[in-house]
Every structure is written in structure tokens, then in C-alpha cells.
Amino acid sequence: MPTWLLVHPPLLGPAVLGPLADELRARGAAVAVPDLRGLVQDPASSAPSAAGWDRRWAAAVPRADVAVAFSGAGIVLPAVAAAAGAGGAVWLDAVLPPASGTAGWPADVRALVGPLTGDDGRVADWTTWWGPDAMGELLPDAGVRAAVLAEGHRLPADLWSTPVEVPPVTAAARYVHLSASYDGDAAAARDCGWPVAGDGRGAHLDVATAPARVADLLG
């Protein structure tokens, strides 16, 4: 069985990937889900700043056979997979960066974040974005929901304007398409000639609510 590295998105902590990690472990795999939240902030800056966050994340991950990036973590997967020495890289309903060079965040994401930025230069905790009842609907399991909420945090607003260096992908690349929100990224993966599993008819948080289905798609 391969050793899996599951990488959470900047907006959430590792708990959202906990059910998937448990499912993979139940199938006999070794799984690492590092908590990278604290590495977004630039330690050299006294103000909120994400400068260099991609390099800090890559430097912090353990070795693994397969690196899996969920959601917004996809933008740093090439660097993370290379740092982990992974032979496989899987974008799991994730942002797909360009093949090489410098990546920026999608325009719709940047537009969404702007109004959510406070006077202190940090963006509101993602779990509060959708209203008071949304998390109960998105994560109906009370234990999983509590774990995700407990990891709520506020990111430096400049994260979404900070360019990310993208090394060429040398690992075997695949895409797992869970939700319609990532139709464009899945289509771009197909255009690259990569295998794409899933039809996009599920939900983005199936990683937490339907882990067995997602594990099947990971293969």
C-alpha cells in the first residue's frame, strides 16, 4: 500500500481530511495529514502577510508515495509533491495551477475574499462565510463538524495576491473531480492528458461526508 500525504487547503485545517484519512488507514495505508495552518503567516513580518507560504508548506511535509491536495491546496501541489519525493500527485477537487512558472488565484476567489477582509488585514474564518446554519448542512456529522470548526482561523488577506512558484510536475499526475465548482479544473486536467476520476456530481466536502466514495476514486 502506498504512503499518502493529504494536504489541507489554506482556508481549513487538517480535520476536514480526517474522515478520508481514517478510511485510507482502514484499508491498510499509511497516511500523513500535517497541520500547515501556522505556516501561512510570514514569520519575518509583524503585519499579516503570506509571503513565501508555498515554500514553507513544501519544506514542512513528510516523505510520501502519493501527495494529495484538496481544494485550494492544489495551487502548491507541484512544490509539495516534489518536496515529499512523491511518485504520484493527485488534485482532489482542487485548484489546478499552470504547468510551470508562477500561479495566481482564480479571479472569482479573489473577488469573494475582498469583502471578507477586516481592518486588521485578515480574512474572516471560512466557516463563517456562508451563514450560521451552513456548516450544519455541509457537515451533518456533529463530531466532524466540531473538529472542523475548532480549527477555524483567519488568513492574511494578501494570500490571494501572493504569487506561487510552480515547478514542473514530475510525479504521475491525476485529478479527482467531486463537485461542479471544479468543472473547469477537471477539464484542464483532461486537456493535459491526465486521468480524471469522478463526474463532478457530488459535493466538495465529500472528503468529510463520503470518505469511502472518495477513497474509491483515489484508487
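These legends describe close-up views of a predicted model.

**View 1. Helix α1 crosses helix α9.** The helices shown are α1, residues 18-26, and α9, residues 211-218. Their axes come within 9 Å. The crossing angle is roughly 65°, and the crossing is right-handed. From α1, the contact residues are P19, L20, E23 and L24. They meet P211, A212, V214, A215 and L218 of α9. Eight residues of this contact are nonpolar and one is charged. None is polar.

**View 2. Strand β7 pairs with β4 and with β8.** Strand β4 covers residues 88-92, and strand β7 covers residues 172-176. The two run parallel and are joined by five bridges. Strand β8, residues 196-197, also pairs with β7 in the parallel sense. Two bridges link β7 and β8. Y175 of β7 takes part in both pairings: it is the bridge partner of W91, and its partner in β8 is V196.

**View 3. A β-α-β unit is built from β7, α7 and β8.** Helix α7 spans residues 183-191. Together with β7 and β8, helix α7 makes a β-α-β unit. The unit is right-handed. Its two strands are parallel partners.

**View 4. Helix α3 is mostly covered.** Six of the eight residues in α3 are buried. These are L77, P78, A79, V80, A81 and A84. The buried residues pack against helix α2 (53-60). They also pack against four strands: β1 (3-7), β3 (66-70), β4 and β6 (164-166). G85 follows the helix. The phi of G85 is positive, near 65°.

**View 5. G87 sits in the loop between α3 and β4.** G87 has a relative accessibility of 52%. G87 therefore counts as exposed, since the cut-off for that class is over 50%. G87 still has contacts beyond its sequence neighbours. Leaving out residues up to four places away in sequence, G87 touches D65, A171 and A172. A21 provides a reference point elsewhere in the chain. G87 and A21 are 66 residues apart along the chain. Their C-alpha atoms are separated by 19 Å.

Technical notes
Residues numbered from 1 in each chain as written. Predicted model: local features only at pLDDT ≥ 70, side-chain atom pairs only at ≥ 80, totals over all residues. Heavy atoms only, no water. Axes fitted to C-alpha atoms, helices over the stretch in contact; angles between N-to-C directions. Left-handed = near helix turned anticlockwise from the far one by under 90°. Contact = heavy atoms within 4.5 Å. Nonpolar A, V, L, I, M, F, W, Y, C, P; charged D, E, K, R; others polar. Pairing = 2+ DSSP bridges. Right-handed = clockwise from strand over helix to strand, strands pointing away. Buried < 20%, exposed > 50% of the residue type's maximum accessible area, 1.4 Å probe, protein only.
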